[in-house]
Every structure is written in C-alpha cells, then in structure tokens.
Amino acid sequence: MSRNRQFYTMWNKILSLFKDSPSQQRVVRFLIENGLGISEEGKVNANGIEISASALARVIKVDRRVVDTTIKRIMDFDELEPIFTRLRVTPDLTDVAKNIGLSVVTIIPKNAGGKNIVAAAVSVIASHDLTLRQIFVTDPYFVENPRLVIIIDGKIPAAAIDELSALEAVESITI
C-alpha cells in the first residue's frame, strides 16, 4: 500500500473511531491540524508545554468535558496513542515574514492531491537563486482549502511570481 493511501486509510480510521461524536471529531481534527500532542499522562501539549482542556474547549467551541473525553478515547486506542504522543508543533513564519525581511508566496493548487506541485515550485525558486526559508503544505485531508506556502529571504522577483503562476498545477497565487 502506498504511503499516501496508508495515510488516507489511517485518517479515515481515526475519523470513523469518532463518528459517534462530531464534537470529538472536531477536537481530533484540531489537535492534528495544530500539531498538538498528548503527553503520556493524558494532557494536551505543544512541544511539552501543557495546554488546559478548558483553553482548548474555548477555541474549538466545545465543552471542556468533550476535550477530556476525546483525549481519554485517543489514549485508549492502541493505534492512536503512538501518533498523538509524537505530534510536534512547528513554527509558521507566515504572519511575521514581512517584519523580518521575508516574502511569502501562497499557492492554491488546482488539485491538492496532484503530484510534483512542490517540486515544480521549488524548481522555480531555485532557478532564481532565491533562499528558501520555509515551505509547507496544508494537508488536503485536514483542511478545506489546502495550500502551498513558500517563504523566502528578501523580495521575490516579478519574474519568479510569473513563472509560479504559470505552473500547470497552480489555481491561484497570493503574495
């Protein structure tokens, strides 16, 4: 089974384990989307920093008990515990890029499941001898509107923007 298919199967399995509770599914999705893990003690954390169930509940707009129950259920599933105890948060420089001299290019793909979108975009960046600082793709299984975000040192030249916009896989581009 391909890795992509394996991931899709696992994601569907995770959602099906919580199909009886849409609010618990929202908690699970929020944890994964934000890289929030669960400690061996059953506490939600961001790279080891504990986050209260009440704080999560406010953001997700569920009752605190829903968060607590979801965490307990996750830890009770042998297949889920090793996934959620290993999740890590990574920094996203998108919102601070302009303050630190970086440029952000956001690409909306025509088909987020398509191949070589990242490779084609990185090839354009490399052909312009630009320094890539960060690149990430929001996973189409987790978010409604997946995107490719590229952050580079300095200002991105107009020619690079034109070449990125012209890529076959690109629906739209935002600078």
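Helices α2 and α3 sit roughly perpendicular to each other, a label for angles of 65 to 115 degrees. Their axes, lines fitted to C-alpha atoms over the stretch in contact, cross at roughly 100° and come within 11 Å. Here α2 covers residues 22–33 and α3 covers residues 53–60; helices are DSSP runs (H or I) of at least four residues, and strands (E) of at least two, numbered from the N terminus. Where the helices meet, R26, V27, F30 and L31 of α2 touch L56, V59 and I60 of α3, with contact meaning heavy atoms within 4.5 Å.

A quick word on what you're looking at: this is a predicted model, where local features need pLDDT of at least 70 and side-chain atom pairs count only at pLDDT 80 or more, while totals for chains, interfaces and linings use all residues. Residues are numbered from 1 along each chain, and side-chain values use heavy atoms, leaving out hydrogens and water.

Now for the surface. V118, V122, L132 and V137 make a nonpolar patch of about 270 Å². Helix α6 (117–127) and strand β5 (132–137) each give two or more residues to the nonpolar patch. Patch members have over 30% relative accessible area and no salt bridge, with nonpolar side chains joined within 5 Å. V137, in strand β5, counts as partly exposed because its relative accessibility is 49%; that class lies between buried (under 20%) and exposed (over 50%), using a 1.4 Å probe.

Finally, look at the loop between β4 (102–109) and α6, where you'll find G113. With 56% relative accessibility, G113 counts as exposed.

Technical notes. Patches are made of residues with over 30% relative accessible area and no salt bridge: like charges are joined within 9 Å, nonpolar side chains (Val, Leu, Ile, Met, Phe, Trp, Tyr) within 5 Å. Accessible areas come from the Shrake-Rupley method with a 1.4 Å probe; for residues, only the protein chains shown count as cover. A salt bridge is a side-chain nitrogen of Lys or Arg within 4 Å of a carboxyl oxygen of Asp or Glu. Axes are lines fitted to C-alpha atoms, for helices over the stretch in contact, and angles run from 0 to 180 degrees between N-to-C directions. Angles under 35 degrees count as roughly parallel, over 145 as roughly antiparallel, 65 to 115 as roughly perpendicular and the rest as oblique.
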